[in-house]
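Subject: Handover of a structure and the findings from it

Dear colleague,

Please find below the structure that I am passing on to you.

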Amino acid sequence: MEILWWLLIVVFFVASYVGLIVPIIPSVLVLWGGFLIYLFGLSGSLSTWFWVGMAVLTIFLLVVDFLANVIFVKRTGGSKWGERMALVGVIIGAFIYPPFGLILVPFVLVLAVELLQQKTFNEAIKIAFASFLAFLSGSFAKAVVQTVMIIWFFIEVWLN
């Protein structure tokens, strides 16, 4: 039975990476599912430092998506409305044909808003493209943090 629990934990960890591409899967919650399976299914124990660290990294992961778009749009000269629409686009895009919705919806919204703000087409495209780069960089950052969380988990298990 123990092998089945470990197999399930590995499936949860792999699914957390799939969640980076298919945002319908809440990657960080799936990751926590693996931790909880270990805790309750295998009656394992994890230190207080582990749980505090996971909570901090989880909050960071939840904030990354939102901040990445706002920062990238702002740095490329986007308006406040462009920043807001990038954020709205991420939220709406998560539900519209993932993962393409996360790329296309913010791009289209930012492009439209910046054109309405009297930006030239080239400027608006540059700013909208920043929302695409935000998605890529945010996904990369989340993958790195999730890898750290998984490695920390296995180190914690090995030390106990």
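A search of the whole structure finds one salt bridge.

The salt bridge

The partners are lysine 80 and glutamate 83, whose closest N and O atoms are 4.0 Å apart. In general, side chains of opposite charge can pair when their charged atoms come close. Both residues belong to helix α4, and because they are three residues apart there, about one helical turn separates them. Their surroundings can be read from the accessibilities. Lysine 80 has a relative accessibility of 48% and therefore counts as partly exposed. Glutamate 83 is at 9%, under the 20% limit, so glutamate 83 counts as buried.

The chain as a whole

The secondary structure comprises six helices and zero strands, so that the order of elements from the N terminus reads α-α-α-α-α-α. The C-alpha trace spans about 60 × 30 × 15 Å along its principal axes. The chain has 160 residues, of which 41% count as buried. Among contacts with a separation of 6 or more, 64% are between residues 24 or more positions apart. The accessible surface is about 9,000 Å², and carbon and sulfur atoms hold 79% of that surface.

The record

An unreviewed UniProt entry places the feature "transmembrane region" at residues 6–39, 51–73, 85–116 and 128–155. Two of these spans may be set against the model. Residues 51–73 are 100% helix and 0% strand, with 34 Å between the end C-alpha atoms. Residues 128–155 are likewise 100% helix and 0% strand, and the end C-alpha atoms of that span lie 41 Å apart.

The nonpolar patch

Which residues make the nonpolar surface patch of about 1,000 Å²? They are Ile24, Phe66, Val88, Ile91, Ile92, Phe95, Ile96, Tyr97, Phe100 and Leu104. The elements that give two or more residues to the patch are α4 (80–93) and α5 (100–116). The largest share, three residues, is that of α4. Phenylalanine 66, one of the patch residues, is placed in helix α3, which covers residues 48–75. With a relative accessibility of 34%, phenylalanine 66 counts as partly exposed, because that class lies between the limits of 20% and 50%.

A buried serine

Is serine 16 buried or exposed? Its relative accessibility is 0%, and serine 16 therefore counts as buried. Serine 16 lies in helix α1, residues 2–21. The side chain of serine 16 reaches the backbone oxygen of phenylalanine 13 at 2.6 Å. Leaving aside residues up to four places away in sequence, serine 16 touches Ser27, Val30, Leu31, Gln146 and Ile150.

The N terminus

Methionine 1 is found in the segment before α1. At 69% relative accessibility, methionine 1 is over the 50% limit and so counts as exposed. Methionine 1 is 40 residues from glycine 41 in sequence, while the two C-alpha atoms are 9.6 Å apart in space.

Most residues other than glycine have a negative phi.

- Serine 43, which is not a glycine, has a positive phi of about 50°. Serine 43 is in the loop between α2 (27–41) and α3, and is exposed, with a relative accessible area of 64%.
- Glutamine 118 has a phi near 75°, again positive in a residue other than glycine. Glutamine 118 lies in the loop between α5 and α6 (121–159), and is exposed, with a relative accessible area of 71%.

In brief, the predicted model has six helices and zero strands, one salt bridge, and a nonpolar surface patch of about 1,000 Å².

With kind regards

Methods
Residues are numbered from 1 along each chain as its sequence is written. This is a predicted model: local features need pLDDT of at least 70, side-chain atom pairs count only at pLDDT 80 or more; totals for chains, interfaces and linings use all residues. Side-chain values use heavy atoms; hydrogens and water are left out. Helices (H or I, at least four residues) and strands (E, at least two) are DSSP runs, numbered from the N terminus. Buried means under 20% relative accessible area, exposed over 50%, partly exposed in between (1.4 Å probe, protein chains only). A polar contact is a pair of N or O atoms within 3.5 Å; within protein, one must be able to donate a hydrogen and the other to accept it, and residues adjacent in sequence count only if both atoms are side-chain atoms. Contact means heavy atoms within 4.5 Å. Patches are made of residues with over 30% relative accessible area and no salt bridge: like charges are joined within 9 Å, nonpolar side chains (Val, Leu, Ile, Met, Phe, Trp, Tyr) within 5 Å. Accessible areas come from the Shrake-Rupley method with a 1.4 Å probe; for residues, only the protein chains shown count as cover. A salt bridge is a side-chain nitrogen of Lys or Arg within 4 Å of a carboxyl oxygen of Asp or Glu. UniProt positions are given in the numbering used here, feature names are shortened, and annotations may be inferred rather than shown by experiment.
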